[in-house]
Amino acid sequence: MATIDRDKVRKDFGEAVNMTPAEIEKWLDTKDSRAVGWKGEHGDGEGESVGHASGRKIIAIKRKKVADLTDGDYDHMRKVIGYVHRHLAQRPKDVEHSHWRYSLMNWGHDPMKEA
């Protein structure tokens, strides 16, 4: 596996994830958060979505010291960066109450916070 630039990954992750851990936690507790996302990895289509689980991982990563970040954390950070960038390119006309926004928020990015 190629060596990754951890400084760049942390910088890009910091830009992609524009919600605080507290904001993400509060969001993940909502009905709207649980209503969106793909649940296919869980076998029966039930339970927590991939994005919802990602939000919990993002909270844990953001609360760690840089020195405590693992290879798995960096892998997840790269996954988050890719997801946010891909989905931002699919922006709908009505953002505020869209499943598109809710899905991004599960991944730590609230497009309504953009300037």
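## Aromatic pairs

Two aromatic pairs turn up in a search of the whole structure, which is a predicted model. Rings of Phe, Tyr and Trp (its six-membered ring) are taken as a pair if their centres lie within 6.5 Å; planes under 30 degrees apart are called stacked, over 60 edge-to-face, and the rest tilted. Trp27 and Tyr102 form a tilted pair, because their ring centres are 5.2 Å apart and their planes stand at 45 degrees. Trp27 belongs to helix 2 (residues 21-28) and Tyr102 to helix 6 (residues 99-106), so this pair links distant parts of the chain, 75 residues apart. Helices here are DSSP runs (H or I, at least four residues), numbered from the N terminus. Trp27 is buried at a relative accessible area of 9%, and Tyr102 is buried, also with 9%. Buried means under 20% relative accessible area, exposed over 50%, and partly exposed in between (1.4 Å probe, protein chains only).

Tyr83 and Trp107 make a stacked pair, with 4.2 Å from centre to centre and 10 degrees between the planes. Tyr83 sits in helix 5 (residues 71-88) and Trp107 in the segment after helix 6, so the pair ties together parts that are 24 residues apart in sequence. Tyr83 is buried at 11% relative accessibility, and Trp107 is buried at 5%.

## Model and confidence

Residue numbers start from 1 along each chain as its sequence is written, and side-chain values use heavy atoms, with hydrogens and water left out. As the model is predicted, local features need pLDDT of at least 70 and side-chain atom pairs count only at pLDDT 80 or more, while totals for chains, interfaces and linings use all residues.

The protein has a mean pLDDT (the predictor's confidence in each residue, from 0 to 100) of 90, and 90% of its residues reach 70 or more. Confidence is highest in helix 1 (residues 6-16), at a mean of 97, and lowest in helix 3 (residues 31-35), at 89.

## Helix 1

Val9, Asp12, Phe13 and Ala16 are the buried residues of helix 1. Viewed down the helix axis, they fall within an arc of 105 degrees, so they line one face of helix 1. The arc is that of the directions from the helix axis to the C-beta atoms. An α-helix has 3.6 residues a turn, so residues three or four places apart point the same way. Asp7, Lys11 and Glu15, on the other side of helix 1, are exposed.

The buried residues of helix 1 pack against helix 4 (50-62) and helix 5. At the N-terminal end, helix 1 is capped by Asp5, which has a side-chain oxygen 3.2 Å from the backbone nitrogen of Asp7.

## Helix 2

The buried residues of helix 2 are Pro21, Ile24, Trp27 and Leu28. They lie within an arc of 125 degrees when seen down the axis, so they too line one face of their helix. They pack against helix 3, helix 4 and helix 6.

## Nonpolar core

A nonpolar core is a set of buried Ala, Val, Leu, Ile, Met, Phe, Trp, Tyr and Cys residues joined through side-chain atoms within 4.5 Å. The largest one has 26 residues, and Phe13, Ile24, Met77 and Val80 have the most contacts inside it. Helix 1, helix 2, helix 4, helix 5 and helix 6 each give two or more residues to this core. Helix 5 gives the most, with six residues.

Contact means heavy atoms within 4.5 Å. Leaving aside neighbours within four places in sequence, Phe13 is in contact with Ile58, Ile61, Lys62, Met77, Val80 and Ile81.

## Other residues

Ser49 is in the loop between helix 3 and helix 4 and is buried at 2% relative accessibility. Its side chain makes a polar contact (a pair of N or O atoms within 3.5 Å; within protein, one must be able to donate a hydrogen and the other to accept it, and residues adjacent in sequence count only if both atoms are side-chain atoms) with the backbone oxygen of Val36, at 3.4 Å. A polar atom of the Ser49 side chain also lies 3.0 Å from the backbone nitrogen of His52.

Arg101 lies in helix 6 and is buried at 13% relative accessibility. Not counting residues up to four places away in sequence, Arg101 touches Val95, Glu96, His109, Asp110, Pro111 and Met112. Ala60, in helix 4, is partly exposed at 41%.
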